[in-house]
Amino acid sequence: MKIANALRSSTHAAAMRRRTLMACGAAALALGLAGGAHAQGGTPLRVILPVSAGSGVDVILRSAQVALSKALGGQPVVIENMPGAGGITGTQAVVRAAPDGNTIAVISNNHAVNPSVFRKLPYDSLGDITPVTVIGGSPFVFVVNPAKVPARNARELQTLLKSKPGELNFASSGNGTIIHLAGELAVSELGGSARHIPYKGMGPMVTDLMSGQVEMGAAAVVAVQGQIKAGQLRPIGVMGKERVSALPDVPTLAEQGFPGIDIAGWFAAVGPKGLPPAQVKRLHDAFVTAFNDPEVKAGFAKRDDQLILNSPDEATRFLKSEQERYAALVKKANVVAE
């Protein structure tokens with residue numbers, strides 16, 4: 001009898017536990033669904049790109065868009081291209097945004113160049129932003145049109161430039177852009193002179209380089225590696241400290257005796273001034289997670305881009321040092337301010 005009562009008591013307790021667990025499970029499921037619905041249908045993260053669609057930074061961000069949304073717990077990520085005025089238009093949009101963590105911009109070298117090129121900006125390039133992280137960098141290469149320029153290395157190009165002072169042209173993606181400064185730096189360090197021909201973007205610039213309308217110029221490796229492999233452009237040298245895997249046989253200009261030619265592209269995530277530390281950390285951690293996604297990293301490696309993903313403090317110091325560095329280059333190149 002005691003055993004039977006014990007069994008009945010045990011069975012009743014088990015049933016009660018099952019009902020309690022089922023109720024808890026249903027509540028948890030409801031909360032989970034509600035949380036998921038909030039994450040998917042909540043306010044999206046607006047990522048402003050002060051560059052045109054299809055540019056290097058645009059391709060990089062779109063390749064990480066899904067991973068970034070996932071790292072943000074399912075918050076939708078909307079990428080908005082806002083080119084114009086050397087990146088000023090897009091940067092001005094993020095500067096004016098509410099510091100709530102839902103609007104950021106991914107800026108590049110031009111952000112640090114603009115204070116020295118333009119007489120007046122509608123914002124303080126350092127004081128009106130909150131750096132989140134420098135995401136990564138892209139190597140540059142100096143190229144020539146093989147039909148118009150016989151030089152095959154830096155020393156031969158140096159000789160040619162000195163023998164024809166001011167007669168050759170070098171192209172850029174626009175006056176005062178980082179590509180312009182990279183070209184000016186190369187020509188200056190080689191000890192020659194050449195006429196600057198600005199274009200409205202990298203695409204038209206590369207097209208005229210291939211056709212021979214202009215003889216030479218600096219470019220992002222990813223923008224010209226196909227043309228180099230096809231023999232439409234000839235590489236003179238990589239413009240950074242190390243060779244790149246996409247062009248393993250192309251030495252750096254430093255290797256060829258010109259260590260002063262050390263310049264590369266970079267891109268950084270920034271928010272508006274006053275972005276709370278908690279939001280800075282949330283965004284920083286999300287970018288680190290997203291860009292360490294295996295598929296995203298594989299794309300980086302394929303393009304020879306370099307992941308940096310430094311801390312907000314390191315990003316702040318980096319942007320300040322780049323602005324100072326480009327101020328010196330702009331002065332040396334005598335870039336006319338707008």
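This is a predicted model: local features need pLDDT of at least 70, side-chain atom pairs count only at pLDDT 80 or more; totals for chains, interfaces and linings use all residues.
Q: Which residues of helix α6 are buried?
A: In α6, which runs over residues 154–163, the buried ones are Ala154, Leu157, Gln158, Leu160 and Leu161.

Q: Why do the buried residues of α6 line one face of the helix?
A: The general idea first: an α-helix has 3.6 residues a turn, so residues three or four places apart point the same way. Now the case here: looking down the axis of α6, you find its buried residues within an arc of 165°, so they line one face.

Q: And what covers the buried residues of α6?
A: The cover includes three strands, β4 (129–144), β7 (216–220) and β8 (234–238).

Q: Which residue caps the N-terminal end of α6?
A: That's asparagine 153. One of its side-chain oxygens sits 3.1 Å from the backbone nitrogen of arginine 155.

Q: How many residues line the second largest pocket?
A: There are 23, with Gly240, Lys241, Asp262, Ala264 and Gln306 nearest the centre. The elements giving two or more residues to this lining are β4, β9 (264–272) and α12 (312–333). The volume of this pocket is about 570 Å³, and its lining splits into 10 nonpolar, six polar and seven charged residues.

Conventions. Residues are numbered from 1 along each chain as its sequence is written. Side-chain values use heavy atoms; hydrogens and water are left out. Buried means under 20% relative accessible area, exposed over 50%, partly exposed in between (1.4 Å probe, protein chains only). Helices (H or I, at least four residues) and strands (E, at least two) are DSSP runs, numbered from the N terminus. The arc is that of the directions from the helix axis to the C-beta atoms. Contact means heavy atoms within 4.5 Å. A polar contact is a pair of N or O atoms within 3.5 Å; within protein, one must be able to donate a hydrogen and the other to accept it, and residues adjacent in sequence count only if both atoms are side-chain atoms. On a 1 Å grid over the protein atoms alone, a cavity is a set of points where a 1.4 Å probe fits but cannot get out, and a pocket is an open set with protein on both sides within 12 Å along at least five of seven lines; lining residues have an atom within 4 Å of a point. Grid points are joined across faces, edges and corners, and a volume is the space filled by probe spheres set on the points. Ala, Val, Leu, Ile, Met, Phe, Trp, Tyr, Cys and Pro count as nonpolar, Asp, Glu, Lys and Arg as charged, and the others, Gly among them, as polar.
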